[in-house]
2 protein chains.
Amino acid sequence: MIDTNISKDDKKFLKLALNLARRNVGLTGKNPSVGCIITLKDIIIGRGNTQPGGRPHAEIMAIKQASNHPLFRAKREIQDINVYITLEPCAHETTSPSCAKAIVNFGVNRVIYLATDPDQRTNGKGKSIMEKAGIECIETRIYERENSDVLKGYLKQKKTGLPYITLKIGSSINGKIATKNGESKWITNSLCRKRVQLLRSENDGILIGKNSIFADNPRLNLRDQYESIENKPIFILDTNLEISGLGNLAIFDNVGKDKVRIITNKDLKDNVTKRHKFFKGVSIEKVSKEQRFLNMQEILKIVSRMGVNRLLVEGGARVWTSFLKTGLFDEIVIFTGNKVINGSAISCFNDFLPLDARLGDFPNLTLTSLLRWKDNIEAKWIANS
Amino acid sequence: MIDTNISKDDKKFLKLALNLARRNVGLTGKNPSVGCIITLKDIIIGRGNTQPGGRPHAEIMAIKQASNHPLFRAKREIQDINVYITLEPCAHETTSPSCAKAIVNFGVNRVIYLATDPDQRTNGKGKSIMEKAGIECIETRIYERENSDVLKGYLKQKKTGLPYITLKIGSSINGKIATKNGESKWITNSLCRKRVQLLRSENDGILIGKNSIFADNPRLNLRDQYESIENKPIFILDTNLEISGLGNLAIFDNVGKDKVRIITNKDLKDNVTKRHKFFKGVSIEKVSKEQRFLNMQEILKIVSRMGVNRLLVEGGARVWTSFLKTGLFDEIVIFTGNKVINGSAISCFNDFLPLDARLGDFPNLTLTSLLRWKDNIEAKWIANS
């Protein structure tokens, strides 16, 4: 059954499951971040979410907690037990039994979940396993928007083989990301910079252009309240491997060489990549070059192969522009600082359509979030597909 | 007494007076838009606001209404009557008695107002007149921010001899006001364009550059629900009087030639201005030229002389930039549409500081309002003085 009328209590428990799922966004690797609530006579006896790295799954965590709950131990009545999950439980066995089987083994009356798993190994099979065991299964569309936001990286990766891509921009009131001399610290305020930390924590990887590394020497690590989270893999686009000429970079001290992949072009001679001891410990990947740009599809395959479902693109203008040019982006988050800057300063985007393009040719985006941080603004714009 | 504790009812009546004042912003010419409430035993018996054109004043309107109120006619007890005004009543007599005297003649117990009139003919004298007649006068600072917003044009004009200046910009997400070919219709949505009508109605005059007239041939009139409001005087900046070469303009059909003033440079030979019959009915004003720009102080003197306390600057980039360059602006209202446009498209600002200016040299503005209109954004930024 889909979209059956469900009770107020059911909604409440689904919302709690969703909140649990949200907590580990960006931490579960290739796996979706899922939340699970188990109730006995409408009392919560188990809570779980996908653990960092992707396992154990949310259902296993919740079952483990429920099994030890005094109420469950005292009067275990299968017809009183409901399970609320943000995604259909998996049907595939790896090292442990599938979540669908684990639920059957635990013994429950009803399972309500928010979305079918697009993974071909599950996709309705989780439901079948449970229904065959006599469990009532309900899929509902409530909280679809919120849950899609939690699952967007996983869903896009399953659907297209590409990560969900967020361009993150910090600009002046008039769309400039740095002065003519490249000075950009700080165009936005400290609250926005904390929000960038949150964005990094919610993504699985960070992509940045060589020019931004040159101009800003950024650390790209997780700081402040996100310090305990493992740093994300970094992908540096560097068509001609010019970065090799640099001294030590802040990124290596803060994120570590093992986390960094430099993506360069196939035609580059091997001796260029081998010449610099500097690169010891840093992976170098090669993709084709088209005109002056690295092939974006090939880049994103590499990113996906690394288990990145959500990719944060931190700039600069040349990199953001290639995403606009190829249309391979999903959303743009713009932090607008409270300065106006010279018109000849550095713009966030270069040209991505022909010079004679009409106004109607340029893409319309959808504004999905508008936040104010003192004198700064954070706006999230979604690409219309 | 200033900032005395006033009652909850007093606050309520002051807020109502403020709402009345707000209604006629942009309609009262050189005069401030003021609101007035008269109560008898805390029952409202008179309401008034400054009438279009600036007279009668709010107090006179409220007294007139109160005089005819049945309650006032039945049991007129001076000690029960209070007056609430958003500005100190005027002390200067023109054709009619001053508002201060009118209040004395009407007979009241107490007058509470929100601000001292900076006009030297009043400035405390209104209060004196009333106090001498035994009326208790209270000036309070509550609603100071809201009232300053209503009075900002009047206050700035009195303080500096210059109008309060709002730069109004419609731009893409990345700060572009038109494509490279000058196409700008429409970068923002219809809700934003309605808000522009509101802005026009709240201002006393509109200033625009010749380039914008060339590119957009705008109507610049008041439309839709603002249709009944008299159109505002238009000031066109045209350094070399190039506009004379144009055919008929939409502005003349919609606003009328008598409302239009073209501001050009002093050194221009007389025969250039006389040559074109086209200008019949249009005033031409001349100011000095400094380097490539018309002298902004002289322009604003002309604007002020026309009774404009609030000036809306509708563009384009060259004009907005001269306001940034001279620092002679008070706020920027930016409507952000939901498009991203090529980097080489037309920017809202050109350079206004030297090319080697540091990030810290550029002005920080204060965000005072952030509104969402479907997929568009309206942000108001105030210049820090």
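Gln291(A) counts as exposed, since 4 C-beta neighbours lie inside 10 Å (exposed stands for 12 or fewer other C-beta atoms within 10 Å of a residue's own, buried for 20 or more, and partly exposed for values in between, with C-beta atoms placed from the backbone). The loop between strands E12 (289-290) and E13 (293-294) of chain A holds Gln291(A), and its phi is positive, near 50°, in a residue other than glycine. Helices (H or I, at least four residues) and strands (E, at least two) are DSSP runs numbered from the N terminus.

The model is predicted: local features need pLDDT of at least 70 and side-chain atom pairs count only at pLDDT 80 or more, whereas totals for chains, interfaces and linings use all residues. Residues are numbered from 1 along each chain as its sequence is written, while chains are lettered from A and ligands numbered from 1 in the order in which they are written. Chain A has a mean pLDDT of 93, and 96% of its residues reach 70 or more (pLDDT is the predictor's confidence in each residue, from 0 to 100). For the complex, the predictor gives an ipTM of 0.93 and a pTM of 0.94.

Lys41(B) sits in the loop between strands E1 (35-40) and E2 (43-49) of chain B and counts as exposed, with 12 C-beta neighbours inside 10 Å. Most residues other than glycine have a negative phi, and most peptide bonds are trans. Cis bonds are found from Arg55(A) to Pro56(A), with omega near -10°, and from Lys185(B) to Trp186(B), with omega near -10°.

In H4 (residues 99-106) of chain B, Cys99(B), Ala100(B), Ile103(B), Val104(B) and Phe106(B) are buried. These buried residues fall within an arc of 165° seen down the axis of H4(B), so they line one face of the helix (the arc is that of the directions from the helix axis to the C-beta atoms).

Finally, the two chains meet in a contact that takes 40 residues from chain A and 40 residues from chain B (two residues are in contact if their C-beta atoms, placed from the backbone, lie within 7 Å). A rotation of 180° with 0.0 Å of shift along its axis superposes chain A on chain B, with an RMSD of 0.0 Å (by least squares on the C-alpha atoms of residues with pLDDT of at least 70 in both). The two copies are thus related as by a two-fold rotation axis.
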